[in-house]
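Have a look at the model first, then read on.

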Amino acid sequence: MRKELICKVLALVLSIGLILLIGSPFSAVQADNHNQDEIFHFTVLHTNDEHSALVPFLTHDEPEQELGGFARLATAVSQIREEKRTQDEPVLLFSGGDFLGETAYGWLSTIGYAPEIELMQMIGYDALTIGNHEYDFGPEILGRYLMTGGYPQAHDQTLIVASNTVPPDHYLLASEQLIRQNGILTLENGLKIGLFGLIGEDAIHVTSDSGDISFSDQYETAREQVALLKDEGADVIVLLSHSGEDEEIELAKAVPGIDLIIGGHSHSLLSEPIIEGDTIIAQAGYQARYLGQLELSYHPESGSLSIRNDDNQSDYTIPIDKRFAPDPQIQARIESYTQTLNEFLYDLSDGTFDDVHTPLVYADFHLTHKPDLQESTVGNFIADGMRLITSEVTGRRVDVAIQANGSIRTSLVPKNEAGASSALDHDFGALS
């Protein structure tokens with residue numbers, strides 16, 4: 001009888017222990033953990049500061065060389081995805097912000113179109129953040145633009161994270177939930193990628209019209225988001241940052257737990273990533289002229305992220321050049337938007353212009369731009385043009401015209417031998 005009682009007590013204790021073990025938070029976390037010996041491979045593709053550059057641009061060093069264009073970008077992304085698919089390796093595509101602005105295609109956002117975000121969804125961007133140029137026409141235009149692009153429902157396709165952006169409740173950005181604080185993407189191999197987004201201090205400072213939107217402290221927001229995402233089970237923490245590499249380096253130093261920063265704002269073409277502590281920082285120039293590529297491995301045992309790219313630095317930034325044939329579907333959409341833009345341009349100019357690709361100025365030499373606040377030939381050209389045209393229109397002598405250096409985006413390239421360029425020879429990104 002005593003043995004029987006002891007056996008029953010032991011059985012009860014074991015059953016209670018089993019129930020507690022199954023129901024405990026510790027056991028639940030352990031059950032979700034990956035096999036500690038397994039290494040997870042995945043690839044991150046990225047662009048930043050696309051600036052409505054839907055079509056290719058001429059380079060400044062080689063006038064006959066074209067780079068960029070969303071149709072070629074789509075082909076490059078598709079080829080890498082197909083290659084990685086044969087290796088059962090997931091591929092993610094991110095943007096570091098400023099997908100709007102600069103070129104004339106950005107004007108379409110003011111008349112009810114959203115070409116950039118629609119094309120980025122078609123190309124297959126997984127997530128992006130908001131930069132300063134998204135506010136070029138004010139926050140309400142941005143709100144309507146995102147709604148035209150299918151948000152908030154489109155978050156399920158292309159997530160928009162802007163964690164330190166705090167719009168008033170009555171703004172569309174807030175009332176329609178057009179931006180999110182964070183998100184988690186679960187890859188085919190079970191790996192969980194936690195995402196959040198920040199706009200940096202310099203980018204906030206040069207925002208043209210953010211209305212009554214406030215921006216919370218980047219460091220405090222980053223700490224909060226890292227903790228939240230880890231609590232929600234994220235294995236890898238990715239920050240989509242529109243801050244510039246200097247601010248991104250300082251953030252990586254100050255906030256532990258960020259595995260990867262996909263940067264923007266400074267237009268830096270990093271031939272290889274910056275490694276700051278345990279954080280990888282990458283950026284891929286501007287205007288989608290290059291596609292950034294990071295082949296990564298996640299190690300569950302250490303919880304660390306490592307890079308697998310070959311030693312060849314060209315693996316990190318892929319030029320979007322003529323080797324990539326334009327994707328037919330994307331190209332067709334761009335041509336449709338070009339037609340709409342031409343009609344808008346015709347109305348805007350009272351019938352003077354009807355083709356955004358028509359050259360306005362020819363030059364036999366480079367009109368160079370120096371972004372570091374120096375006098376430049378393209379700056380003098382723009383200021384002289386403003387002075388002379390204003391004098392012509394008003395009938396009064398104009399002695400001084402001023403053009404902000406920060407609004408000049410690039411140089412103007414010379415015509416080719418045939419007298420016309422093979423792409424945007426007026427390079428309408430020269431002046432935003």
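Does tyrosine 113 count as buried, partly exposed or exposed? Tyrosine 113 counts as partly exposed, because its relative accessibility is 33% (buried is under 20%, exposed over 50%, partly exposed in between, with a 1.4 Å probe and protein chains only).

A word on the ground rules: this is a predicted model, where local features need pLDDT of at least 70 and side-chain atom pairs pLDDT 80 or more, while totals for chains, interfaces and linings use all residues. Numbering runs from 1 along each chain as its sequence is written, and side-chain values use heavy atoms, leaving out hydrogens and water.

The whole structure holds 3 aromatic pairs (Phe, Tyr or six-membered Trp rings with centres within 6.5 Å; stacked under 30 degrees between planes, edge-to-face over 60, tilted for the rest). Two of them go like this:

| Pair | Centre to centre | Plane angle | Type |
|---|---|---|---|
| Phenylalanine 99 and tyrosine 145 | 6.3 Å | 25 degrees | stacked |
| Tyrosine 113 and tyrosine 337 | 6.4 Å | 90 degrees | edge-to-face |

Phenylalanine 99 sits in the loop between strand 4 and helix 4, tyrosine 145 in helix 5, 46 residues apart (DSSP runs numbered from the N terminus: helices H or I, at least four residues; strands E, at least two). Phenylalanine 99 is buried at 0%, and tyrosine 145 is buried at 1%.
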